[in-house]
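The sequence and structure are shown first.

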Amino acid sequence: MENWLTWGRTTNPARSDQIDFRHEFEFGVTDKFQASIYVADWFYSRDSQRDRFTYSDTAVELIYNLTNPIVDPVGLSVYQEYRAGRRFFEWESKLIAQKNLGRWILAYNATLEAVWQGEGLSERESELQQALGASYEISPRCSVGLEFLHEFIFPDWHDNERIRNVFVGPNVSYRRGSWFVTMTALAQATDTPDERGFQLRTIFGIGF
Amino acid sequence: MKKTKNPHLPLRVFLSLRERIEVRALSLLGPTIATIYVCLLWGCETSNYAPSVTPQMARSTSSELPKLERGRTLFVHRCIECHTLPTIWRYSREDWPEIVNNMSHRASLKPAECDAVIAYILAVRATER
């Protein structure tokens, strides 16, 4: 089980804060196939006018490992996630590449997201992301790394506004017994309005 | 009528050409980095962390080949869910069974699967070095 907690701060044009919560149950169906349920994605948001808790959606995630990062030249996986909430539906597909080199883990994710929301799900947006990460295992319990995220946002599925975001930041992971905690801090290197300037993500996981 | 030549035209053409090249270069940057990254990864051989099963391994440890194959598959799939894969030489022959047994719960290994992983690791140790 994994609990995600992400605090994000937006400062452009106005300051606001949001804390996102995700609660994931992951099952290893086979050695190559994993399925997850996000029982509830919800968030707390606060700005100069109000603060509130909001339920966002419930999601299902499926991952199939095509190749293995140890025995094959590159470990490749395909990932599919469906999120559905009130007047909200999201489709997210990913190609995940990973390579383990001794104590180093290198990963690359290419993600395509499509969102339908609002009255009659008439508002559309899509997003293309590429993420690059490297992590080094200092000891069997502790890893540190760096993440780089490059986003292309397409409001109404068009690229007229040419919105591009770049985020970069470090991460650290600590594991003990059957639990682990991973923290990632990401700062926006671009200056896109209404996008988070900084976010801190914490994942606490426990295996049963 | 004689056409007057625009003195700024060559500069404008040059700038526009340069801008086009810059835009082109930027748009190619992402895929280029990704391609180099994948090539670098592809070239890095790491299967020595989990050598392939050979008939010699089976003979030297009196284990059946399918059991060793199963052990290798479990070793490379389950163990990396929590940590990087240690080299098999990092721990002694005597230590490995205890290490695998201690981690079996976290890796969701059943007793027969645990035995297969241990058999594979000991078979690698018995045949190399």
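## Basis of the description

Helices and strands are DSSP runs, a helix (H or I) having at least four residues and a strand (E) at least two, and they are numbered from the N terminus. The model described here is predicted.

## Fold of chain B

Chain B has five helices and zero strands, and its pattern along the sequence is α-α-α-α-α. The chain has 129 residues, of which 35% count as buried. Among its contacts with a separation of 6 or more, 64% are between residues 24 or more positions apart.

In soluble globular proteins, nonpolar side chains tend to be buried together. The largest nonpolar core in this model has 26 residues, and the members that touch the most others are B:Phe75, B:Leu85, B:Val100, B:Tyr120 and B:Ile121. At least two residues of this core come from each of α2 (55–61), α3 (65–78), α4 (95–103) and α5 of chain B. Helix α5(B) supplies the largest share, eight residues.

Beyond residues up to four places away in sequence, B:Phe75 touches B:Tyr49, B:Ala50, B:Leu85, B:Pro86, B:Ile88, B:Val117, B:Tyr120 and B:Ile121. A second, separate core has five residues, including A:Tyr38, A:Ala59, A:Ile63 and A:Ile96.

## Interface between chains A and B

The size of an interface is often given as the accessible area lost when the parts come together. Between chain A and chain B the buried area is about 2,400 Å², and carbon and sulfur atoms give 60% of this. On the side of chain A, the residues that lose the most area to chain B are A:Asp31, A:Ile70 and A:Val71, which together account for 25% of what that side buries. In terms of contacts, 26 residues of chain A meet 27 residues of chain B.

Two salt bridges are found across this interface. In one salt bridge, the side chain of A:Asp31 meets that of B:Arg70, with an N to O distance of 3.4 Å. Strands β6 (88–101), β7 (104–117) and β8 (123–139) of chain A are the elements that give two or more residues to the side touching chain B. By class, that side comprises 13 nonpolar, seven polar and six charged residues.

## A:Asn68 at the chain boundary

A:Asn68 lies in the loop between β4 (51–65) and β5 (75–85) of chain A. Its relative accessibility is 4%, so A:Asn68 counts as buried. Apart from residues up to four places away in sequence, A:Asn68 touches A:Val74, A:Gly75, B:Val76, B:His77 and B:Ile80.

The side chain of A:Asn68 reaches the backbone nitrogen of A:Val71 at 3.2 Å and the backbone oxygen of B:Val76 at 3.1 Å. A:Lys99 is 31 residues from A:Asn68 along the chain, with a C-alpha separation of 8.5 Å.

## B:Glu113 in helix α5

B:Glu113 is placed in helix α5 (residues 111–127) of chain B. Because its relative accessible area is 12%, B:Glu113 is classed as buried. With residues up to four places away in sequence set aside, B:Glu113 touches B:Arg70, B:Leu74, B:Arg78 and B:Ser108. One of these residues, B:Arg70, is also the partner of A:Asp31 in a salt bridge.

Notes
Residues are numbered from 1 along each chain as its sequence is written. Chains are lettered from A and ligands numbered from 1 in the order in which they are written. This is a predicted model: local features need pLDDT of at least 70, side-chain atom pairs count only at pLDDT 80 or more; totals for chains, interfaces and linings use all residues. Side-chain values use heavy atoms; hydrogens and water are left out. Contact means heavy atoms within 4.5 Å. Buried area is the accessible area (1.4 Å probe) that two parts lose on being put together, summed over both. A salt bridge is a side-chain nitrogen of Lys or Arg within 4 Å of a carboxyl oxygen of Asp or Glu. Ala, Val, Leu, Ile, Met, Phe, Trp, Tyr, Cys and Pro count as nonpolar, Asp, Glu, Lys and Arg as charged, and the others, Gly among them, as polar. Buried means under 20% relative accessible area, exposed over 50%, partly exposed in between (1.4 Å probe, protein chains only). A nonpolar core is a set of buried Ala, Val, Leu, Ile, Met, Phe, Trp, Tyr and Cys residues joined through side-chain atoms within 4.5 Å. A polar contact is a pair of N or O atoms within 3.5 Å; within protein, one must be able to donate a hydrogen and the other to accept it, and residues adjacent in sequence count only if both atoms are side-chain atoms.
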